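Biologist: I would like to learn how to read the features of a model such as this one, so please take me through them in turn.

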Amino acid sequence: MKKIKIFDTTLRDGEQSPGASLNTTEKIQIALALEKMRVDVIEAGFAIASQDDFNAINQIAKKVKNSVVCSLARVKKQDIKAAYQAIKPAKKKRIHTFLAASDIHLKYKLKMSRGDALKQISEMVKFAKSKVNDVEFSPEDAFRAEPKFLFKVVKTAINAGASTINIPDTVGYATPEEFGKLIAEIYKNVPNIKKAVISVHCHNDLGMATANSLSAVKNGAGQIECTINGLGERAGNAALEEVVMALKTRKDYFKTETDIKTEDILNISKLVSNLTGILIQPNKAIVGENAFAHEAGIHQHGVLQKRETYEIMKAEQIGLQSNELVLGKHSGKHGLTDRLSKIGITIKKEQTTEIFIKFKNLADKKKKISDDDLINLISKK
Ligand code: KIV
Ligand code: ZN
């Protein structure tokens, strides 16, 4: 089965989330947790961006042994030199260099011609390759670039030595069908593409980052760039937990696998949330508080009979001890009696209706009924 590499950029793009900055100790803690979870590549930062970033990457490079440690760099000598110095102690190292490929970025941001862009890409990828063997190149804003020019850019970067070509949807504009088609077109139109792995880097401005990344996999991409809890610029990046669990749960469809130890997902999600101070919405896929919780009576009854009636993943797969049947106004008798027996309270069959009515009355006033509420309710009887 084809393996999809997971490239985590929580410490680089994720840290670019407004208000998410992390100190070096916190970054090391996250990097070691990512390594333990068996992430293939850790983008530890952008070495030239600040002395703090440089130091954090350098410390991570000294500590992480199993994952590739990577630094971002513009296609500039001073960036590439700084990236190399920062990742130098790493056992496995990568330089990730980038230049915009869309006309809007070239004309207004970089004030550069397409010809000059190709020249700079070729020279700087070669320069990065003279420092490390593993070079990744990203044509920033690739999805909005003119496809024929994008194919030239990709060919040039591969000829210069890039072994991973990352295709970013920098502004989160693509739809899944279009993004998948772009990956297929790159395979068709870039003659040397077999010498590189195609990676994807999707932003979530329209809520399609995960779907776009998965559509790319369906069309041959071999690496997904993502972040824990979907952190990242603006609306963030594709969430690691979503892409990994989608590939695992729908192996029948994607026919691919990752090396990720999914049982670590919840812990690392909480770690990143605690350290960045960015809370997780309760209905967030996979790691939200409600992702494995059921309140409706019909659902609780179904899950109590057979879990798969309403669950497509096991809570244990992401490191949660079990699913949760939340008692509230939508719950039914099955959910109530199940919880009572779990907290050691047995009631006679003829008492059930009376207790159930009391429970419903309380649930109308209170959103969630706790175990203590149930104990009070029974003892008042
Ligand atoms: O969104 C983007 O295009 C990026 C690149 C630097 C890969 O983050
Ligand atoms: Zn990005």
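Modeller: The protein chain is divided into domain 1 (2-276) and domain 2 (293-379), where the domain bounds come from an automatic or database domain assignment. The contact between them takes 7 residues from domain 1 and 7 residues from domain 2, with contact meaning heavy atoms within 4.5 Å. The C-alpha centres of domain 1 and domain 2 lie 44 Å apart.

Biologist: What conventions should I keep in mind while reading?

Modeller: This is a predicted model, in which local features need pLDDT of at least 70 and side-chain atom pairs count only at pLDDT 80 or more, while totals for chains, interfaces and linings use all residues. Residues are numbered from 1 along each chain as its sequence is written, chains are lettered from A and ligands numbered from 1 in the order in which they are written, and side-chain values use heavy atoms, with hydrogens and water left out.

Biologist: How many helices and strands does the protein chain have, and what are its spans along the principal axes?

Modeller: Helices (H or I, at least four residues) and strands (E, at least two) are DSSP runs, numbered from the N terminus, and the protein chain has 15 helices and 12 strands. Its C-alpha trace spans about 85 × 40 × 40 Å along the principal axes. Of the 381 residues, 54% count as buried, where buried means under 20% relative accessible area, exposed over 50% and partly exposed in between, with a 1.4 Å probe and protein chains only. Among contacts between residues at least 6 apart in sequence, 73% join residues at least 24 apart.

Biologist: How should I read the length of a helix, and what covers the buried residues of helix 2?

Modeller: The expected span of a helix is 1.5 Å times one less than its number of residues. For the 13 residues of helix 2 (residues 51-63) the span should therefore be 18 Å, and the end C-alpha atoms are 19 Å apart, which agrees. Its buried residues are Asp53, Phe54, Ala56, Ile57, Asn58, Ile60 and Ala61, and what covers them includes helix 1 (24-36), strand 3 (41-46), strand 4 (68-74) and helix 3 (77-87). Helix 1, with 13 residues, should also span 18 Å, and its end C-alpha atoms are 18 Å apart, which agrees. Glu26, Lys27, Ile28, Ile30, Ala31, Ala33, Leu34 and Glu35 are buried in helix 1, and they pack against strand 2, strand 3, helix 2 and helix 11.

Biologist: Is Ile6 buried or exposed, and which residues is it in contact with beyond its neighbours in sequence?

Modeller: Ile6, which lies in strand 2 (residues 5-8), counts as buried because its relative accessibility is 0%. Leaving aside neighbours within four places in sequence, Ile6 is in contact with Val39, Asp40, Val41, Ile224, Cys226, Leu240, Val244, Thr258 and Ile260. The C-alpha atoms of Ile6 and Asp259 are separated by 8.1 Å, although the two residues are 253 apart along the chain.

Biologist: What can be said in the same way of Thr352 and Ile345?

Modeller: Thr352 is found in helix 14 (residues 352-365) and is buried, because its relative accessible area is 14%; not counting residues up to four places away in sequence, Thr352 touches Lys333, Thr337 and Ile347. Ile345 lies in the loop between helix 13 (333-342) and helix 14, and at 18% relative accessibility Ile345 counts as buried. With neighbours within four places left aside, Ile345 is in contact with Leu340, Ile375 and Ile378.

Biologist: How is a pocket found, and which residues are closest to the centre of the largest pocket?

Modeller: Rolling a probe the size of a water molecule over the atoms shows where empty space is left. On a 1 Å grid over the protein atoms alone, a pocket is an open set of points where a 1.4 Å probe fits, with protein on both sides within 12 Å along at least five of seven lines, and lining residues have an atom within 4 Å of a point. Grid points are joined across faces, edges and corners, and a volume is the space filled by probe spheres set on the points. About 370 Å³ of space lies in the largest pocket. Of the 19 residues that line the largest pocket, Leu266, Lys270, Val287, Gly288 and Glu289 are the closest to its centre. Helix 11 (residues 265-276) gives the most to this lining, with 5 residues, and the lining draws at least three residues from each of domain 1 and domain 2.
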